[in-house]
Amino acid sequence: MTIDCKNMNQSAAFSAIPFFCLLFLVSFGNSQLDYKYYDATCPNLAKIVRYGVWSAIANETRLAASLLRLHFHDCFVNGCEGSILLDASSNFTGEKNAFPNRNSARGFEVIDAIKDNVEKACPSIVSCTDILTLASRDAVFLAGGPFWPVPLGRRDGLTATETAANTNLPSPFEPLENITAKFISKGLDVKDVVVLSGAHTIGFAQCSTFKQRLFNFDGAGNPDPILDASLLGSLRNMCPNQDDSDSKLAPLDAATSSKFDSSYFNSLVNNSGLLQSDQALMSDNKTAALVSLYSKLPFLFSKDFGKSMVKMSNIGILTGQNGEIRKNCRLVN
Ligand code: HEM
């Protein structure tokens, strides 16, 4: 495939076009999707999305992380088709109330605001799913991470499934083998598990998602023996051993929680992963070797993150006549 990266609308608006752009185009194009899909029908799409993400992050830095996670939680539940964005209706319960999303998934208003602006510029042309895909890419870039071109043309699904969200999304309490199996069932691989876990370089987790590591890991009142002692002390301060601390927040990557960098991997090497599932990447030879590699080679992590994101963004997509272009991301037309 020969596409001129410099003429691509979405990347042109960013001044720095990474040289590995071409590599992505050659290696990771999806024949059903097209980098120029909206160039004729919605030429300002990239700018509208970027402005929406930029202004959201300017208001609250954490929204970069929240948008990235929203895209992941969309793609792992019946594919990237915007199901997570749907409110509950008389036909389905919706995914927002599923256990991994309830009081946790956030950033919906950012997508609504972008969609409103996109609808004003080009009504009924751009799917909510493509907006979320672009927004998560822009969020990573604006948080200091890599940029990668996103092929477009996904359509929006017509339903959402709470049970699928409960079963398909990985839990921080399940063993690495189960998490890996969930990724493999989506067409991803072990390397993608490690690379995409690097998303935890930004954002926050509620104490309830890791508190059992701090006070009673073994049922006999002891903490997780792997957890670094000084991190244990500071996490116990943030999350006292009482129920009302459950929704308090701790940074997933304490060193640089708002910067998309590779220090998450350094933390794992230093037994300072926040979630049990993060630190578990050091418990298997293959994943530990990758963690060690990315901790030493930040550029390799940046490059591989873009590749794995493009793979994730292609899971179970709807194209052609399937699905629809929603007018309101929260409702089926
Ligand atoms: C590998 C299995 C994974 C598990 C078990 C997991 C679990 C979690 C948990 C428990 C939280 C905290 C949620 C809360 O307390 O409200 C979280 C946050 C987050 N996750 Fe993951 N995650 C995984 C993979 C991923 C992937 C693949 C991505 C994206 C590519 C991702 C992106 C994020 C981000 C950015 C946050 C912070 C969100 C915010 O601050 O709003 N995670 N994850």
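The model is predicted: local features need pLDDT of at least 70 and side-chain atom pairs count only at pLDDT 80 or more, while totals for chains, interfaces and linings use all residues. Residues are numbered from 1 along each chain as its sequence is written.

**Stop 1: the ligand.** Select the 26 residues around the ligand; Ser104, Ala199, Gly203, Ala205 and Gln206 come nearest (near means a C-beta atom, placed from the backbone, within 6 Å). H4, helix H9 (190–197) and strand S1 (204–206) each give two or more residues to this shell, and H4 gives the largest share, five. Helices (H or I, at least four residues) and strands (E, at least two) are DSSP runs, numbered from the N terminus.

**Stop 2: Leu68.** Stay with helix H4 (residues 63–75) and pick Leu68. Leu68 is buried, with 27 other C-beta atoms within 10 Å (buried means 20 or more, exposed 12 or fewer, partly exposed in between, with C-beta atoms placed from the backbone). Now show Ile202: its C-alpha is 9.4 Å from that of Leu68, although the two are 134 residues apart in sequence.

**Stop 3: the annotated positions.** Select Asp74, Val77, Gly79, Ser83 and Glu95, which an unreviewed UniProt entry marks as "binding site"; UniProt positions follow the numbering used here, feature names are shortened, and annotations may be inferred rather than shown by experiment. They span 22 residues of sequence but cluster in space, with a largest C-alpha distance of 12.9 Å. Zoom in on two of them: Ser83 is buried, with 27 other C-beta atoms within 10 Å, and Gly79 is partly exposed, with 19.
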